[in-house]
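Here's a quick briefing on a structure, meant for someone who likes to see the geometric criteria next to the numbers. Have the sequence and the 3D view open while you read.

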Amino acid sequence: MEKFGKAQPVARFEDHRFVTGHGRYIDDIAPEGALHAVFVRSQVAHGTLAPVDLTDVREMDGVRLAVAAEDLDELGVRNSMKATVVKNRDGTKGVKTLRPILATGRVRFVGEPIALIVADTLAQAKDAAEAVFAEIDDLPAKVDIAPGGETLHENAPENVAFTWGKGDEDTVKSAIAGAAHVVHTRVVDNRIIVNSMEPRGCVADWDGERLHFGFGGQGVWGTRDELAKMLDLKKKQVHVTNPDVGGGFGMKGMDYPEYFSIAGAARALGRPIRWMSERTEAMLSDNGGRDLISDTTLAFDADFRLVAYHVETVCNLGAYNSQYAQPIQTDLFLKVATGVYDLRTVSLNCRGIYTNTTQIDAYRGAGRPEAIFALERSMDNAARTLGVDPLDLRRRNFIKPDQFPYKTALAETYDVGDFERVLDRVAREADLAGFAARRAASEAKGKLRGQGLCYYIESILGDKEETSAIEYGDNGKVRLYVGTQSNGQGHETVYATFLSDQTGIPVEAIEIVQGDSDLIKEGGGTGGSRSVTVQNTATLATVETMTRAFQSYLAEKTGEDGIEFDDERFRIPGSNETPTMLDVAAMARADGREDLLRFQEKIELESRSFPNGAHIAEVEIDPETGLVSVDRYTVTDDFGNLINPMLAEGQVHGGVAQGIGQALTERVVYDGEGQLLTATFMDYAMPRAYDLPMIGFTTEPVPSTTNPMGMKGCGEAGTVGALAAIANAMADAFSTRGLDAPDMPFTPERVWQALQQEAIAAE
Amino acid sequence: MESLSLTVNGKPVSAEVEGRTLLVQLLRETLGMTGTHVGCDTSQCGACLVHVNGDVVKACTMFAFEADGAEVTTIEGMADGDDLHPIQEAFRTHHGLQCGFCTPGMIMSAAALLKENPKPTEAEIRHHLEGNICRCTGYHNIVRAILAASGQPVPERTATATADA
Amino acid sequence: MYDFNVARPGSIDEAVKLLSDEDAQALGGGQTLIPTMKQRLAAPELLVSLTNIPEMQGVCRDGDTLSIGGATPHAVVARDAAAHFPGLAALAGQIGDPAVRNRGTLGGSLANNDPSACYPAAALGTGATIVTNTRRIASEDFFQGMFDTALDEGEIIVSVDFPIAEVSAYAKFAQPASRFALVGAFVARYADGVRVAITGASETGVFRWTEAEEALSQDFSHEALDGLSVDSDGMIGDIHGAPTYRAHLVSVMTRRAVAAAI
């Protein structure tokens, strides 16, 4: 048996409950009689907040508790959330902001929680929330992504959170000065709202000694630790669970202020409390994504080989440091900043800016889509500017197969890759040869057509460690305990299939246990496309331990040496008995060998893996209206070995759709006062079915050498490739009119306005 | 308070609700049928679709009292015992769902389409899903699942590799 | 949402009586009213549902007039008007999405007069007559600006009489998020001339583009519109489209409607 399993497109086991309406999402599991929580939120973006008097509100019908910042001490809840900070170029640390869980003395974005109301019914809680008067003296709002403006945090002059940098700038400068060709590109990576279809929510309950906290999340252990710290509890007093989760995309991987005040309220009241955000509330309070501007410089020698690359980025952090915001456009951007190119002379600078907008944090890909978009948009611009074929320019600069393992200039060591092979394949699949005819057909209809290529590489992230435990129940079932958390990726199917492939245990006998901090001691959660690779590696290690233990046990029992396991049955020399894993476990149980009924191993990946691939998009523009349609979209990926090709492909479809959404339809608008003008689906355009084409998908696998299955991870790849593919296709289409494409998102009006330059230019 | 009697998934139901109680609240909170979801406040996302007297409607944009006397079918009523409805089966077979949150609405929407147009084209399917938003699948496999459920040929799943994986 | 009492009258007289209370509000399909009430932007004390009144339902042809009940859902119009007045049926089939079309009603849409709604373009573009419980109102007199109509408090749209056009079509450019009309043009040719009504574009709501009507009455072809445009002054400007863009789309959508009608 190969260690990567049978690579079958197995239909998912979890789907039965989802297609019959029996999924259990957070708002489906509220305990009977739970009280309802509603937040009073700031309606202004920036202002001084007077102490909030809730005396009258507490007397309203059904109100059980009303809490503002001043009341948190009494509730025993700390009023400051944690966040990671980066190191500045000069060695000092980035700014640590005080991020309160309820606004304290100042409000800094529209939607910031000011008070928590808990009441018997949702309507009563809303009535009370509406009656709260929060006295706010307006301050000027700071909304642009540039240093300066009204200061949000006293310890962040000019609103600059950090001035991060990597690579020697002087070396890069002189390389650029001596280069044959230099191309500058401005790349605007627009803000998005994540909008998982299930908004955020939680339930909290206190039984007198322990807190149970359930929420739609991407893992339970980090939140358990934070809850313990913020509520001054011992970790063992906190039980955190994730039920079915209706999409996360990084956004649900972080802690939020609402969780702590609600947990504190549940403890104070000794009653269960439920909270479910409404869509507008979610759009105002969920971590946003992207929102950065990168000015790049690419320098080439006379043969169009890259000699230097410099990136100057400013990124928006929103009003506070969210949990992992600072490292995204810095340490994570760095991971794949030089893409798939043999590029030794590189420098990156990034400044983080506070604004009076909702905080920004990880969104599908977190730093890597941004880095690849900046680089691949710049490469395309260079090809166009220098008159070189965009595929040829990339081929000239690819890291060649014989250069692996390849240590990049600033960060990572890529283990394997064959970028030429992938590029050749995608060119065939996308029918590049037929493009001229398709363009002519579009022109004949009065439309513009453009084609865009993005060659991306991705670095798998997240915790390198993971634990699997296999436990034989007395009901004939085998439980596999995992440390990751499905948000819709189909982990139950993938993990059960994998365990079955490795052990011969029928999948029907396997139950996956996830998302419960009592049942599972530790785990890394889901994020960074890590889950299947790390979890299956841990499962494999656990299976090996179990196999050896069973072999020893059988050897003891039979007196035979040389017992073999063939992935389905144990072969005992001189015996016709060929027991399965389940058989051996039953024997062990009969013998009272409890030690043989549960196995657990923790692994640490020696290194990351690097999924890569090429996307080719073809767009058609209606110049009369500015409407852009994606006519063809072709992906060839190298994900290494695939465990379940159908599920991997599904990840690509979804990732590409999120990238196309960001590129074409999804636009976040804050006005000058910091009001979010796109706070409902009436104004924020989620991509619909007819905004998207069928997505062609093929693979050219080069198995990774950094894990036993040869996998590479696929959760984020689609998004990483899509932005530049679409933007480059738009640039190509605009070039037919001698024009530059506008910045993303390519909304109809923006595209139409940009096409009006033609008339102006012609005058 | 309003007294209502209606049929939900073939079973008679009586309830006392406030005037403002939405149909989706009646289903989820009063009747405990949580398969119908709420994904937005503005009638855009379609996670709450149910059938009322055979017509697909948004249960978040209809008052419970308006369903007095009606026959309501929710996602929980689509399967016949243990046998999945062909659309449910197609979503499962063709990986037409990931997180599953939009799925009940998608299935109810697809059922309405196929009742009216038993052999829709890909374009007709995409157009029909105007009021159903999915964040996970890129709609690719949802469209394929609906084609399959209509008994039409489904474009091949395209995952192919040159190397032997 | 604030709570309220409900009434489900079975006749127009009963409904009118109930709506004479100043805190009463008529409820059609609720596709606009319910989201508004969720935001607590409307707080009626009594909701009077108009969907149980048989005279207000259905599509009925009388000679060259198609009469449609005020409480008829868009989906029913899209289906039942198709054989009689395909341009109107097609417009109804483009409103909202399938689920919205099963609830939203003609009368609800006209009474609300959202500047981005589709139906006002059909009513004005056909010279329809809005029939209420007390009178008949010509469409020219009915629409009185954004969210404003000639309806008195408590007055109900019982039905709408649409003169059936020889040929007609509606071309809609959808706002990318809401899918309401960013600009929609309804063009209808009658024996005595062509009518063009534009929705979505103007700060005063639906309007007739008379210059285009004159040109098209001479020559019903999209070439007849060459060189014609509306002034961007007075056009709506928002995050989805500046006044200049909307003014431009008025020409584009009108041409497309003419092309579709032919």
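What follows goes through chains B, C and A by topic, with the cut-offs given along the way.

This is a predicted model, where local features need pLDDT of at least 70 and side-chain atom pairs count only at pLDDT 80 or more, while totals for chains, interfaces and linings use all residues. Residues are numbered from 1 along each chain as its sequence is written, and chains are lettered from A and ligands numbered from 1 in the order in which they are written.

**Chain B: fold and domains**

- Chain B has five helices and five strands; helices (H or I, at least four residues) and strands (E, at least two) are DSSP runs, numbered from the N terminus.
- Along the sequence, chain B reads β-β-α-β-β-β-α-α-α-α.
- With a radius of gyration of 17 Å, close to the 15 Å from the globule rule for 165 residues, chain B is as compact as a globular protein of that length. (That radius is taken over C-alpha atoms, and the globule rule is 2.2 Å times the number of residues to the power 0.38.)
- Along the principal axes, the C-alpha atoms of chain B fill a box of roughly 65 × 30 × 30 Å.
- Chain B splits into domain 1 (2-77) and domain 2 (86-149), with bounds from an automatic or database domain assignment.
- The centres of domain 1 and domain 2 of chain B, taken over C-alpha atoms, are 21 Å apart.
- Between them, 14 residues of domain 1 of chain B are in contact with eleven residues of domain 2 of chain B (contact means that the C-beta atoms, placed from the backbone, lie within 7 Å).
- On the domain 1 side of that contact in chain B, strand E3 (residues 49-52) gives the most, with three residues.
- That domain 1 side of chain B holds seven nonpolar, seven polar and no charged residues; Ala, Val, Leu, Ile, Met, Phe, Trp, Tyr, Cys and Pro count as nonpolar, Asp, Glu, Lys and Arg as charged, and the others, Gly among them, as polar.

**Chain B against chain A**

- This contact takes 51 residues from chain B and 56 residues from chain A.
- Helix H2 (86-93), helix H3 (103-116), helix H4 (122-128) and helix H5 (140-149) of chain B each supply at least two residues of the side that touches chain A.
- H2(B) has the largest share of that side of chain B, at four residues.
- The side of chain B that touches chain A divides into 24 nonpolar, 20 polar and seven charged residues.

- The domain assignment of chain C gives domain 1 (5-49), domain 2 (54-163) and domain 3 (167-261).
- The C-alpha centres of domains 1 and 2 of chain C lie 19 Å apart.
- Twelve residues of domain 1 of chain C are in contact with 17 residues of domain 2 of chain C, and helix H1 (residues 12-19) of chain C gives the largest share of the domain 1 side, four residues.
- Towards chain B, 20 residues of chain C are in contact with 23 residues of chain B.
- H5(C) gives the largest share of the chain C side, five residues, and that side divides into nine nonpolar, six polar and five charged residues.

**Chain A: an open sheet**

- Seven strands of chain A form an open sheet with mixed pairing, in the order E3-E5-E1-E13-E10-E11-E12 (two strands pair if DSSP finds at least two bridges between them).
- Strand E3 (63-68) and strand E12 (238-241) of chain A are at the edges with a single partner strand each, so one side of each has no neighbour in the sheet.
- From one strand to the next, the twist averages 20 degrees; axes are lines fitted to C-alpha atoms, for helices over the stretch in contact, and angles run from 0 to 180 degrees between N-to-C directions.
- Strand E10 (residues 201-206) and strand E13 (residues 273-276) of chain A pair in the antiparallel sense over four bridges, and A:Ala204 stands opposite A:Ile273 in E13(A).
- Helix H6 (residues 221-230) of chain A lies across strand E11 (211-215) and E12 of chain A, at about 145 degrees to E12(A).

- The peptide bond from A:Phe404 to A:Pro405 is cis, with omega near -5 degrees.
- A cis peptide bond also joins A:Met744 and A:Pro745, with omega about -5 degrees.
- A:Ala366 is not a glycine, yet has a positive phi of about 35 degrees.

Note on methods:
Two residues are in contact if their C-beta atoms, placed from the backbone, lie within 7 Å.
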